[in-house]
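Work through the exercises below with the sequence and the model open. Try each task before reading its solution.

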Number of protein chains: 2
Amino acid sequence: MGSRLSDVGEFGLLRELARLGLAEEIGDDTAVLEDGLVVTQDALVEGVHFSLEWTSWRDLGYRAAAVNLSDLAAAGAEPTALIVSLALPASTELADVLELYAGLNEPGVPIRGGDTTGGDRAYLSVTALGRSDRVPGRAGALPGDVLVVTGPLGGSAAGLAALERGLAGFDELVRMHRRPPFRLDAARELAPVAHALIDLSDGIVGDVAHIAERSGCAVEIHVELLPLAPRLDEVGPEPFWTMGEDYELLAALAPADAERLPYPVVGRCLEGSGVTLLRSGAPLEAAGYEHFRRRR
Amino acid sequence: MGSRLSDVGEFGLLRELARLGLAEEIGDDTAVLEDGLVVTQDALVEGVHFSLEWTSWRDLGYRAAAVNLSDLAAAGAEPTALIVSLALPASTELADVLELYAGLNEPGVPIRGGDTTGGDRAYLSVTALGRSDRVPGRAGALPGDVLVVTGPLGGSAAGLAALERGLAGFDELVRMHRRPPFRLDAARELAPVAHALIDLSDGIVGDVAHIAERSGCAVEIHVELLPLAPRLDEVGPEPFWTMGEDYELLAALAPADAERLPYPVVGRCLEGSGVTLLRSGAPLEAAGYEHFRRRR
């Protein structure tokens, strides 16, 4: 009896694929091909990444485009095209599919080509193509760098929780869940100078762990410095800011670059390894999200 | 009560998306971007496109790569990279996923980037990137052109039928199903001169109908001239050669180009519209495969 994905987790699978030479950069969100061509692909599966109970078809389309454009932003890339593959039950209303595509078109990036097919539930896979003069990547952070974040955290997870719990009056958080940002604007300032640049999709702890591991440094996050979405504690006691899907950018910068840019400093890189969360100087624990892995 | 996908079919959806300006080239298999960059994306859904009862993980990986490389061949493109998105149940064996990737790697095109996620069944979406000096497309066939096909039809559908019916001794057909070709070699000869070039994925009738419609001409297929896989009639009485997934190329060529190339002529283009199948000069009827559409 061999290992199952639930034993090794998404990251264990990715490590094994890299070790055997079966895939490159598969955990990297983006592949950088010749001439600065950047390609990113993300899949959204009904019941895993979204529920049509909480998401309209239009919002789903917007979200599928936005999460890929966010990956391009993290690569400092200007988008050129989206390619959409779609599996849908044959009973789906045509009007709903047209709404989905209207949402996919909202960011203004042309949809070119793709594939549509039957399926037992909705499955979207979007590939985004872009061009970048400089891809900061994850491996260049240096001891002495500071970390900045481009916007508030926790809004998406709290917005979803508010929907699931039937809490009224959290329109701003719900909007953060339904309409995640893609920080192409911030990327234009950060990509030319960042030593490492990522988008916060899986949760800040897991996301910065990639920078620490790939850069060979330790990372400290100062929790009291993190910009938070409003009214998180009115939705519930969970650490929503750790739960991902905020799609803000996080950059490792030389302190001089951080000083002249308008983004709050939330931590720093040090000699060593691993991620430490500190609140007022004392260590905290938190967890990111990993596909396949059983929760402990 | 609006239309459902089962009412309008895949092609009705694609027409509606094009009419509303919500997607370009989405029915085209490939998108051609700046500088001859060609991008194609195909999704394989368990229970729709394959069954793990009849397909090994390795064959599934090979197939997912091959069908995309076939789309690149139809665009006259040399492949540069594959990007793989994968949804899998957490209970999937790690060894099976590694076999899948080994199959994806078999054609020798590097796998760069992608996404892995949980799901209730296996879902693969592969994007293939390539470069082409000339994409013949579907719109350039001219009255007077002849149609050629690069290899035998019907093997894939008959091979699958042999498996499903428990018929032994059809290894060659089963192999045609499990290991579809991608005719990059033939594409190098055909793409520079073809007026239209496609791969035969959905079934020859529906596939040539795209050429007829987009080129504004009529197409005649002479059924007795079609190269067929061996022993189709021993598997069953169905017209396996109409059922698709053979992934041979079909080109519309000037007669002089067809004469100097080694591929059999199977039909021709005429003034008019629509597709006619002829056997010894008399009309036949047949059907292609369309996703979503109810069978009548």
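**Exercise 1.** How are α3(A) and α1(B) oriented to each other?

Solution. The model is predicted: local features need pLDDT of at least 70, side-chain atom pairs count only at pLDDT 80 or more, and totals for chains, interfaces and linings use all residues. Residues are numbered from 1 along each chain as its sequence is written, chains are lettered from A and ligands numbered from 1 in the order in which they are written, and side-chain values use heavy atoms, with hydrogens and water left out.

Step 1. Locate helix α3 (residues 94–105) of chain A and helix α1 (residues 5–19) of chain B. Helices (H or I, at least four residues) and strands (E, at least two) are DSSP runs, numbered from the N terminus.

Step 2. The two helices pack at an angle of about 30°, with their axes 10 Å apart. Axes are lines fitted to C-alpha atoms, for helices over the stretch in contact, and angles run from 0 to 180 degrees between N-to-C directions.

Step 3. α3(A) and α1(B) are therefore roughly parallel to each other. Angles under 35 degrees count as roughly parallel, over 145 as roughly antiparallel, 65 to 115 as roughly perpendicular and the rest as oblique.

Step 4. In the contact (heavy atoms within 4.5 Å), α3(A) contributes A:L94, A:V97, A:L98 and A:Y101, while α1(B) contributes B:L5, B:V8, B:L13, B:E16 and B:L17.

**Exercise 2.** Find B:L163 and state whether this residue is buried or exposed.

Solution. Step 1. B:L163 lies in helix α4 (residues 155–164) of chain B.

Step 2. Its relative accessibility is 17%, so B:L163 counts as buried. Buried means under 20% relative accessible area, exposed over 50%, partly exposed in between (1.4 Å probe, protein chains only).

Step 3. Between B:L163 and B:W54 there are 109 residues in sequence but 6.9 Å in space, C-alpha to C-alpha.

Step 4. With neighbours within four places in sequence left aside, B:L163 touches B:W54, B:V174, B:H177 and B:R178.

**Exercise 3.** Where is B:S280 found, and what is its phi?

Solution. Step 1. B:S280 sits in the loop between β11 (275–279) and β12 (282–284) of chain B.

Step 2. Its phi is near 50°, a positive value in a residue other than glycine. Most residues other than glycine have a negative phi.

Step 3. B:S280 has 65% relative accessibility and therefore counts as exposed.
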